[in-house]
Amino acid sequence: MRKALVIVSALLLVAFAVQFVLAAVGGFTRPASDDAYALHSVNGMAVIPILTVLTAVLAALAKAPGKVIGLAILPIGLVLLQPLIAMLAEASTDASGVSTPLGLTIGGLHALNGIIAVHVVVGVHRAARQLTVPAPAGAARLVTREGEPA
């Protein structure tokens with residue numbers, strides 16, 4: 001299970017990297033249209049959420065520490081927040097449909113939230129890799145109670 005967690009968390013990182021590329025493709029497509037972001041939307045609304053849920057499930061099945069499981073669950077909320085931020089940015093145009101400074105600022109939060117999600121997934125992937133490293137043979141953990149000699 002732990003190796004599967006490493007593989008799926010790596011795939012999730014790749015999906016996020018592809019997501020940034022697809023955002024750039026949409027941003028640089030001329031003439032600009034709503035279809036320019038179609039692949040960005042599919043990746044962000046299908047591939048990334050599926051891999052995120054799978055990563056969280058595998059973290060639990062791999063009996064990862066609670067902190068790792070929590071970190072694996074966190075991107076689900078961040079991913080669900082993305083369409084809301086995008087809708088708010090789109091809704092913050094003027095009457096003629098031209099971007100406003102407020103809308104552009106909110107759009108920047110969409111990118112920032114994506115960067116935060118990537119950072120969290122990097123942490124999950126690092127922790128997953130650490131789970132696959134065997135403990136040294138002589139590294140038995142000594143548990144002592146407070147006040148007892150070690």
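How much space lies in the largest pocket? In this predicted model, the largest pocket holds about 1,200 Å³ of space. Its lining comprises 38 residues, of which Tyr 37, His 40, Ala 86, Glu 90 and His 110 are the closest to its centre. Helix 4 gives the most, with nine residues. Sorted by class, the lining of the largest pocket has 19 polar, 16 nonpolar and three charged residues.

In soluble globular proteins, nonpolar side chains tend to be buried together. The largest nonpolar core in this model has 23 residues, and those that touch the most other members are Leu 5, Leu 12, Phe 16 and Ile 48. Helix 1, helix 2, helix 3 and helix 4 are the elements that give two or more residues to this core. When residues up to four places away in sequence are not counted, Ile 48 touches Leu 12, Ala 15, Phe 16, Gln 19, Asn 43 and Val 79.

Gln 19 is found in helix 1. Is this residue, Gln 19, buried or exposed? Gln 19 counts as buried because its relative accessible area is 11%, which is under 20%. Its side chain is joined to that of Asn 43 by a polar contact of 2.9 Å. Neighbours within four places in sequence aside, Gln 19 is in contact with His 40, Asn 43, Gly 44 and Ile 48.

Terms used
Residues are numbered from 1 along each chain as its sequence is written. This is a predicted model: local features need pLDDT of at least 70, side-chain atom pairs count only at pLDDT 80 or more; totals for chains, interfaces and linings use all residues. Side-chain values use heavy atoms; hydrogens and water are left out. On a 1 Å grid over the protein atoms alone, a cavity is a set of points where a 1.4 Å probe fits but cannot get out, and a pocket is an open set with protein on both sides within 12 Å along at least five of seven lines; lining residues have an atom within 4 Å of a point. Grid points are joined across faces, edges and corners, and a volume is the space filled by probe spheres set on the points. Helices (H or I, at least four residues) and strands (E, at least two) are DSSP runs, numbered from the N terminus. Ala, Val, Leu, Ile, Met, Phe, Trp, Tyr, Cys and Pro count as nonpolar, Asp, Glu, Lys and Arg as charged, and the others, Gly among them, as polar. Buried means under 20% relative accessible area, exposed over 50%, partly exposed in between (1.4 Å probe, protein chains only). A polar contact is a pair of N or O atoms within 3.5 Å; within protein, one must be able to donate a hydrogen and the other to accept it, and residues adjacent in sequence count only if both atoms are side-chain atoms. Contact means heavy atoms within 4.5 Å. A nonpolar core is a set of buried Ala, Val, Leu, Ile, Met, Phe, Trp, Tyr and Cys residues joined through side-chain atoms within 4.5 Å.
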